[in-house]
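Please look through the sequence and the model first, and then follow the questions one at a time.

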Amino acid sequence: MPLTSYDKKVLSSIFMIEQEGVIDFLDNIVEGSDILLEIDDHTEDVTFKLQKLYRKGKTMKEIMDYINSLITEFLSTNGDLSEAEVQSEDLYFMDHVNFEWTKNIIKEAKQLEEDINKSKKLKTWEHSYKKAVESGVNIQELDESIKILITKHLRNMKGAKMKKKKKNKYNTKKKENHKIKIYI
């Protein structure tokens with residue numbers, strides 16, 4: 001399924017995040033770019049947008065092809081950037097001139113989407129298996145490797161949820177204690 005104009009707008013907006021930083025970096029190559037230092041602040045939002053595209057049936061190849069065409073177009077208008085590439089890697093430990101951050105985020109979002117799908121399937125299968133055993137259906141005992149795989153994925157999902165809950169509880173208690181001190 002080819003990319004729609006909306007999909008291309010989304011990908012262009014993702015590309016523009018790093019592009020603005022690269023332009024700022026090229027204008028001020030000695031000092032670097034504050035935009036590139038703060039680029040990781042956009043990771044969660046960009047990952048979410050990419051996951052939506054993957055759920056719509058877009059492939060990583062389609063997404064990468066479009067991003068690579070944007071990169072090629074950008075690089076062709078800026079001449080020789082070999083010195084900037086080296087400087088970028090020295091300052092940021094990443095080749096922003098060749099949009100390495102954007103490419104990495106695309107790959108990470110794909111991996112995250114695959115992990116979520118596997119976990120959902122395993123949870124559904126585990127639930128079905130337990131219900132079948134409870135209802136008395138004669139099912140063979142699971143192989144040990146399958147049990148390990150299921151528990152691994154479920155722990156990863158539950159662990160991520162628990163960390164968020166614990167963090168939120170801690171933050172609210174801290175705020176409540178702070179409010180009490182102010183009123184006393």
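Student: How are α3 and α6 oriented to each other?

Tutor: This is a predicted model, and in it the axes of helix α3 (residues 43-55) and helix α6 (residues 100-134) cross at roughly 60 degrees and come within 9 Å. Angles of 65 to 115 degrees would count as roughly perpendicular and angles under 35 degrees as roughly parallel, with the rest counted as oblique. The orientation of α3 and α6 to each other is therefore oblique.

Student: Which residues of α3 make the contact with α6?

Tutor: On the side of α6, the contact is made by Trp 101, Ile 105, Ile 106, Ala 109, Lys 110, Leu 112, Glu 113 and Ile 116. The residues of this contact divide into nine nonpolar, three polar and three charged. On the side of α3, the residues are Thr 43, Val 46, Thr 47, Leu 50, Gln 51, Tyr 54 and Arg 55.

Student: What do the buried residues of α4 pack against?

Tutor: Helix α4 covers residues 60-76, and its 17 residues should span 24 Å at 1.5 Å a residue, which agrees with the 24 Å between its end C-alpha atoms. Its buried residues are Glu 62, Ile 63, Met 64, Tyr 66, Ile 67, Leu 70, Ile 71 and Phe 74. These buried residues of α4 pack against α1 (5-27), α3 and α6.

Student: Is Ser 88 buried or exposed?

Tutor: Ser 88 lies in helix α5, which runs over residues 82-92, and, leaving aside neighbours within four places in sequence, Ser 88 is in contact with Phe 25, Phe 93, Met 94, Asp 95, His 96 and Val 97. The relative accessible area of Ser 88 is 0%, and a residue counts as buried under 20%. Ser 88 is therefore buried.

Student: What is the relative accessible area of Asn 98?

Tutor: Asn 98 is found in the loop between α5 and α6, where, apart from neighbours within four places in sequence, Asn 98 is in contact with Ile 71, Leu 75, Glu 85 and Lys 103. Asn 98 is partly exposed, a description that applies between the cut-offs of 20% and 50%. The relative accessible area of Asn 98 is 23%.

Student: How many helices does the secondary structure of the chain come to?

Tutor: From the N terminus on, the elements run α-α-α-α-α-α-α, and the chain has zero strands. Of the 184 residues of the chain, 29% count as buried. The number of helices is seven.

Conventions. Residues numbered from 1 in each chain as written. Predicted model: local features only at pLDDT ≥ 70, side-chain atom pairs only at ≥ 80, totals over all residues. Heavy atoms only, no water. Helix = DSSP H or I, 4+ residues; strand = E, 2+ residues; numbered from the N terminus. Buried < 20%, exposed > 50% of the residue type's maximum accessible area, 1.4 Å probe, protein only. Contact = heavy atoms within 4.5 Å. Axes fitted to C-alpha atoms, helices over the stretch in contact; angles between N-to-C directions. Parallel < 35°, antiparallel > 145°, perpendicular 65-115°, else oblique. Nonpolar A, V, L, I, M, F, W, Y, C, P; charged D, E, K, R; others polar. Expected span 1.5 Å × (residues − 1).
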